[in-house]
Amino acid sequence: MKILFTHAYYLSSDPKEQTIMKPYPPLGLLYVSAYLLSKNIQNDVFDSTFYSQENQLDFIREKKPEIICIYTNLMTKIEVVKLIKILKTAEFNFPKIILGWSDVTFNLENYLKTGADFLIIGEGEETTFELYDAICNKTDFSTVNGIAYLENGSVVKTSPRTKFRELDDLPLPNRDAIPNEKYLETWKNNHGESSMTISTQRGCPYTCKWCSTAVYGQSYRRRPAHLVAAEMKMLKEKYNPDAIWFVDDVFTISHKWLTAFHEEVVKQNAQIRFECITRAERLNEEILKLLREAGCFRIWIGAESGSQKIIDAIRPPRRCESCQENDTRYQRDGHRDRNIHYGGLSGRNAGRYFGNDTIPERCKSDALYHYGGLSDKRHFAV
């Protein structure tokens with residue numbers, strides 16, 4: 001059976017991103033595609049970022065897949081629902097629709113009742129492979145861990161999927177399936193430099209309420225440092241990006257790993273300028289030195305809030321002042337630092353967030369993410 005991977009983000013329909021123009025490819029989708037290829041299952045990928053929905057539908061008409069896997073998140077939810085309704089027609093031969101990523105976990109029944117046949121809960125590689133096999137061989141879906149589906153109108157949720165323990169078992173993402181040149185050119189034309197992404201870890205041991213652990217869980221698993229350095233070198237030689245964005249939640253969480261990473265990057269001559277996200281308490285003078293020598297030029301700090309009361313409520317064990325204390329240190333060590341704050345949480349009003357606390361004035365927010373409406377049923381009434 002033919003299987004196709006896609007998503008429902010269209011840059012041409014996003015006026016906000018059109019003013020920013022810093023798109024990145026769907027790395028998670030490319031990991032699942034690569035995993036199926038490693039199991040000798042050929043698949044197609046349509047990265048819709050630089051194309052229209054009509055372009056996407058033309059591609060699907062041409063490939064005629066019996067199974068379509070769609071990456072879904074809070075931002076693309078409405079477009080995904082629209083796409084499902086179009087695909088679940090005779091024109092497209094009523095393909096099996098599989099949805100994955102964190103938002104489906106919060107909305108199992110809603111997504112299934114819009115026409116999705118299966119939902120992937122948690123990490124997608126092994127689950128998609130086993131589900132594909134079950135669909136092809138018409139075996140019992142209840143034996144596939146980590147999925148949800150409807151049976152007689154009721155949601156069936158199978159046993160949780162055991163997460164990958166050794167990430168070195170995963171193949172590199174199937175970057176050959178997407179138009180990398182469009183991403184590189186878009187960055188270069190709008191910002192004077194190009195950028196690509198790398199993932200080195202899955203899971204996070206912290207328990208912040210605002211963060212979703214729906215996919216990778218509250219865990220910490222890391223790819224070996226030598227493999228990450230080898231991927232950097234491969235990207236450097238094949239695509240020659242000007243910078244790398246490490247998509248990990250807390251890049252410096254393990255100082256032991258970071259030391260090995262620094263050694264491997266230098267040994268393999270894999271240095272590329274990079275930026276990363278971390279937490280203020282996971283940085284010190286030694287780590288900043290290692291980061292700089294490995295190529296780091298910008299550090300994004302998950303400051304969460306300028307209010308200690310709010311920080312305590314969302315449970316990151318951190319003092320509000322730690323960001324301020326580290327701010328001068330980062331800049332003295334040659335890094336550009338940025339702070340990320342989160343809005344939309346209970347008790348976070350504008351007065352507390354912007355006016356009454358002193359920390360936001362000293363460590364101003366460079367990015368504000370709003371959390372809310374995760375299970376709003378209005379998003380499904382398209």
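Residues are numbered from 1 along each chain as its sequence is written, and side-chain values use heavy atoms, leaving out hydrogens and water. Because the model is predicted, local features need pLDDT of at least 70 and side-chain atom pairs count only at pLDDT 80 or more, while totals for chains, interfaces and linings use all residues.

A salt bridge here is a side-chain nitrogen of Lys or Arg within 4 Å of a carboxyl oxygen of Asp or Glu, and by this rule the count comes to 20. Let's start with Asp58 and Arg61, whose side chains meet at 2.7 Å, N to O. Both sit in helix 3 (residues 53–63), and being 3 residues apart they are separated by about one helical turn. (Helices are DSSP runs of H or I with at least four residues, strands are runs of E with at least two, and both are numbered from the N terminus.) Asp58 and Arg61 also belong to a network of salt bridges that links them with Glu54 and Glu91.

Lys289 is partly exposed at 42% relative accessible area, and Glu293 is partly exposed at 32%; the term lies between buried (under 20%) and exposed (over 50%), using a 1.4 Å probe and protein chains only.

Finally, look at Lys88 and Asp117, which form a salt bridge at 2.6 Å, N to O. This pair links distant parts of the chain, 29 residues apart: Lys88 lies in the loop between helix 4 (77–87) and strand 4 (96–100), and Asp117 in the loop between helix 6 (108–113) and strand 5 (118–120).
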